[in-house]
Amino acid sequence: MSTATSTADTTRESVPLTRSHITLIVCSALLTLAAGLGLPSLVVAVLAWRKNAEDHPAAKRLTRIGWYVFSAFVVIGALVALQLWSMTDSFDQFWSWDAAAEVFPVLLETFVKTTLLITVVGTAIAATLGLVLAVATDSLPRVLSMPLRWLMDVIRMTPLIVQLVFVYYLVPVEWPLLWVGTFVIGVHYAMYMAESYIAGIASVDVGQWEAAKSLSLSTGRTWGAVVLPQALRATLPSLGNWAISMFKDTPYLFAIGVVEMVTAAQQYGASTFRYNEAFTLAGLIFLVASLITAVAVRKLEKSLVY
């Protein structure tokens, strides 16, 4: 009996709690102390802790369920707090549902016609130009690749808003500013994506290059059939992050007079003195679009796993 107990204790100590489990316990305890709403998830976390030593996968599933319970009660608590706040006079000064209903279609239309358009076209420019620059810096002689890398560093290390204003005063006045701004932001992020491509190309094993050479593959076929497919798989998460960063940097185009979603929110607030509704909704639209993009990139990344 004593030996069995000792063995069980050894097993319990050999299966440590996951970081997610510990975080759930701490967050649930704090929420319980603050408002009592963390008690259900704390109970689930304790059950997962008791299950951890004998069935670790089941404990991980319970931890995941605990986070769902925790999130649900946080949302319920926020809604109750919002409902209580809405019954006070201070809420009317902060928020107007009529103003929110009025500005939301305006923001959504501007988002689709301008912000989303800039992001999609800018990402296409950045992904294509970045790949060309990465291959060029790897293939060109050093006397040509060094000035190219220097130019890439200059563009990457100067603020986007400075580049936008510089090009704004450089191009003819009749050029459409929306496309000028889209081109500038695309070129700016192409420098970052090029660095990601370069890192991905460097991660391809030397043996792959040597195998292609031993098979007498042409340079173009080596790049297209051997190197780039492997490099793209390695760089896809980084490219997705740059695309999301570009999406969040589109408001900088206000500097050259492009009315994108945040500028539309500012204009609505200036005309009605209801800034909270406009900027809150603009932020929520950004958040939802970023989350959808992140999920899509993650699914694409999983689909490309060997």
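The face of helix 8 turned away from its buried side carries two exposed residues, F166 and Y169. Here, buried means under 20% relative accessible area, exposed means over 50%, and partly exposed lies in between, with a 1.4 Å probe and protein chains only. Helices are DSSP runs of H or I with at least four residues, strands are runs of E with at least two, and both are numbered from the N terminus. The model is predicted: local features need pLDDT of at least 70, side-chain atom pairs count only at pLDDT 80 or more, and totals for chains, interfaces and linings use all residues. Residues are numbered from 1 along each chain as its sequence is written, and side-chain values use heavy atoms, with hydrogens and water left out.

- Helix 8 spans residues 160-170, and its buried residues are L160, Q163, L164 and V167.
- These residues lie on the same side of helix 8 because they cover an arc of only 100° around the axis; the arc is that of the directions from the helix axis to the C-beta atoms.
- The cover over the buried residues of helix 8 includes helix 7 (142-156), helix 9 (177-202) and helix 11 (219-249).

**Nonpolar cores**

- A nonpolar core is a set of buried Ala, Val, Leu, Ile, Met, Phe, Trp, Tyr and Cys residues joined through side-chain atoms within 4.5 Å.
- The largest nonpolar core has 36 residues, and M152, I185 and M191 have the most contacts inside it.
- Helix 6 (97-139), helix 7, helix 8, helix 9 and helix 11 each supply at least two residues of this core, and helix 9 gives the most, with 12 residues.
- Not counting residues up to four places away in sequence, M152 touches L133, T137, M191, A194, E195 and I198, where contact means heavy atoms within 4.5 Å.
- Another core, of 18 residues, lies apart from the largest one; among its members are F91, A100, F247 and A265.

**Aromatic pairs**

- Rings of Phe, Tyr and Trp (its six-membered ring) pair if their centres lie within 6.5 Å; planes under 30 degrees apart count as stacked, over 60 as edge-to-face and the rest as tilted.
- By this rule, the count comes to 12 aromatic pairs.
- The pair of W85 and F94 is tilted, because the ring centres are 5.1 Å apart and the planes stand at 40°.
- W85 is partly exposed, with a relative accessible area of 32%, and F94 is also partly exposed, at 34%.
- W95 and W97 form an edge-to-face pair, with 5.5 Å centre to centre and 75° between the planes.
- Within that pair, W95 counts as buried at 10% relative accessibility, whereas W97 is exposed at 57%.
- One aromatic cluster is formed by W85, F91 and F94.

**Residues in loops**

- T250 is in the loop between helix 11 and helix 12 (261-272), and it is buried, with a relative accessible area of 0%.
- A polar atom of the T250 side chain lies 2.8 Å from the backbone oxygen of F247.
- Leaving aside neighbours within four places in sequence, T250 is in contact with T115, I118, T119, I185, E260 and F286.
- S216 is found in the loop between helix 10 (206-214) and helix 11; although it is not a glycine, S216 has a positive phi of about 60°.
- S216 counts as exposed, because its relative accessibility is 64%.
- F273 is in the loop between helix 12 and helix 13 (275-303), and its phi is near 60°, a positive value in a residue other than glycine.
- F273 counts as exposed at 68% relative accessibility.

- An unreviewed UniProt entry annotates residues 112-296 as "domain: ABC transmembrane type-1"; UniProt positions are given in the numbering used here, feature names are shortened, and annotations may be inferred rather than shown by experiment.
- Residues 112-296 are 83% helix and 0% strand, and the end C-alpha atoms of the span lie 18 Å apart.
- Under "transmembrane region", the unreviewed UniProt entry lists residues 22-49, 65-85, 116-136 and 278-297.
- Residues 65-85 are 100% helix and 0% strand, with end C-alpha atoms 30 Å apart.
- Residues 278-297 are 100% helix and 0% strand, with end C-alpha atoms 29 Å apart.
- Y68 is in helix 4 (residues 56-86) and counts as exposed at 59% relative accessibility.
- Y68 and A231 are 163 residues apart along the chain, and their C-alpha atoms are separated by 36 Å.

Conventions. A polar contact is a pair of N or O atoms within 3.5 Å; within protein, one must be able to donate a hydrogen and the other to accept it, and residues adjacent in sequence count only if both atoms are side-chain atoms.
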